[in-house]
Amino acid sequence: MPEGHSIHRLARQFSSVFAGSRLAVTSPQGRFSSGAARLDGQVLEGAEAHGKQLFLRFDNDLYLRIHLGLYGAFDFGGDETFAGASSIGAPRRVGEREIAGDGAAEDTAYAGPPPPRGAVRVRLVSDHGWADLRGPTACEVITEPERAAVLARLGPDPLAANAAEGDGGREFSERLRSKGSPVGLLLMNQEVLAGVGNVYRAEVLFRRRISPWRLGRDISEAEAAEVWAETVTLMNDGVRQGRIITTEPQDREDAGEPVPVSEAHYVYKRTGLPCRRCGTAVAGTEMGARKLYWCPTCQAR
DNA sequence: GTTCCATGCCAAA
DNA sequence: TTGGCCTGGAACA
């Protein structure tokens with residue numbers, strides 16, 4: 001997936017283009033027809049993200065809960081009032097960057113959504129635009145108590161509005177340091193930290209020079225605070241930029257040649273390549289059924 | 001054309 | 001721990 005930054009951008013996009021609008025909700029693919037019927041014709045009151053969960057709130061007190069999983073993505077389109085990216089989600093299109101609107105809407109009047117392309121699980125349509133969702137892991141209608149239950153299971157979100165000053169850092173530290181499993185595993189555990197995925201996991205640990213093999217209970221409070229602060233910074237950058245950027249400008253070159261920001265990671269997907277800081281070959285293995293990358297020298301402890 | 005792979009996660013074994 | 005879900009771009013033939 002799309003890590004947390006993409007979901008927060010989705011929430012922002014839904015708020016700006018759909019909030020306050022009455023929506024036609026359908027499931028062209030058919031797999032979500034009964035759920036869509038419960039929301040069809042309701043007004044979207046707002047959108048919010050927590051970690052990788054997206055909640056769309058409707059005025060009949062129901063929520064649409066969406067989790068993109070590994071493949072899910074939204075496509076958007078509409079008239080000139082319909083600002084923002086035209087596609088947010090699974091990063092396979094154009095590296096890991098979402099597709100920006102092409103601005104082609106100006107010369108042709110908006111004539112409603114196009115015929116659905118492929119398996120569209122949900123289509124949301126207002127007077128000004130549309131959104132298509134395909135390939136999500138989760139897409140369901142839930143009530144407020146059910147939403148509260150989902151949130152209760154999640155750890156603190158580094159993209160929460162008050163993440164820098166609030167008690168998210170303390171809560172993260174407590175959850176991390178109470179566990180005996182490797183920190184590389186814990187950063188991916190949504191009950192410990194909500195929103196971090198494989199890229200941020202690898203890159204944050206590199207930047208804090210922490211070995212992914214150290215156990216949560218062996219991480220000091222100071223280190224946990226640093227990891228939290230680093231995550232807050234990097235992921236907020238991700239929200240602003242619409243892509244994951246983890247390297248400092250001076251580290252974005254290979255053999256003197258500049259590397260596109262989207263490919264310039266420190267260790268992610270760089271097994272066998274030289275560490276951008278020390279030149280040691282980046283190590284790679286599996287941890288928790290996901291690829292793990294780290295520099296054995298920079299992250300020796 | 002086919003196979004592989006991915007920024008997730010869950011249920012079943 | 002493993003397989004399955006589900007989509008599409010990239011890599012290979």
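Setting aside residues up to four places away in sequence, Cys275 is in contact (heavy atoms within 4.5 Å) with Phe206, Thr280, Val282, Cys295 and Cys298. The model is a predicted one, in which local features need pLDDT of at least 70 and side-chain atom pairs count only at pLDDT 80 or more, while totals for chains, interfaces and linings use all residues. Residues are numbered from 1 along each chain as its sequence is written, and side-chain values use heavy atoms, with hydrogens and water left out.

Cys275 lies in the loop that runs between strand E11 (257–258) and strand E12 (283–287); strands are DSSP runs of E with at least two residues, and helices are runs of H or I with at least four, numbered from the N terminus. Cys275 counts as buried because its relative accessibility is 5%, the cut-off for buried being under 20% relative accessible area (1.4 Å probe, protein chains only).

An unreviewed UniProt entry places the feature "domain: FPG-type" at residues 266–300; such annotations may be inferred rather than shown by experiment. Over residues 266–300 the chain is 0% helix and 29% strand, with 15 Å between the end C-alpha atoms.

Turning to Asp132, this residue belongs to strand E8 (residues 129–134) and is also buried, at 3% relative accessibility. Beyond four places in sequence, the contacts of Asp132 are Ala73, Phe74, Asp75, Val120, Val122 and Arg123. Val122, one of these, is 153 residues from Cys275 in sequence and 43 Å from Cys275 in space, C-alpha to C-alpha.

Note on methods
Chains lettered and ligands numbered in written order. Buried < 20%, exposed > 50% of the residue type's maximum accessible area, 1.4 Å probe, protein only.
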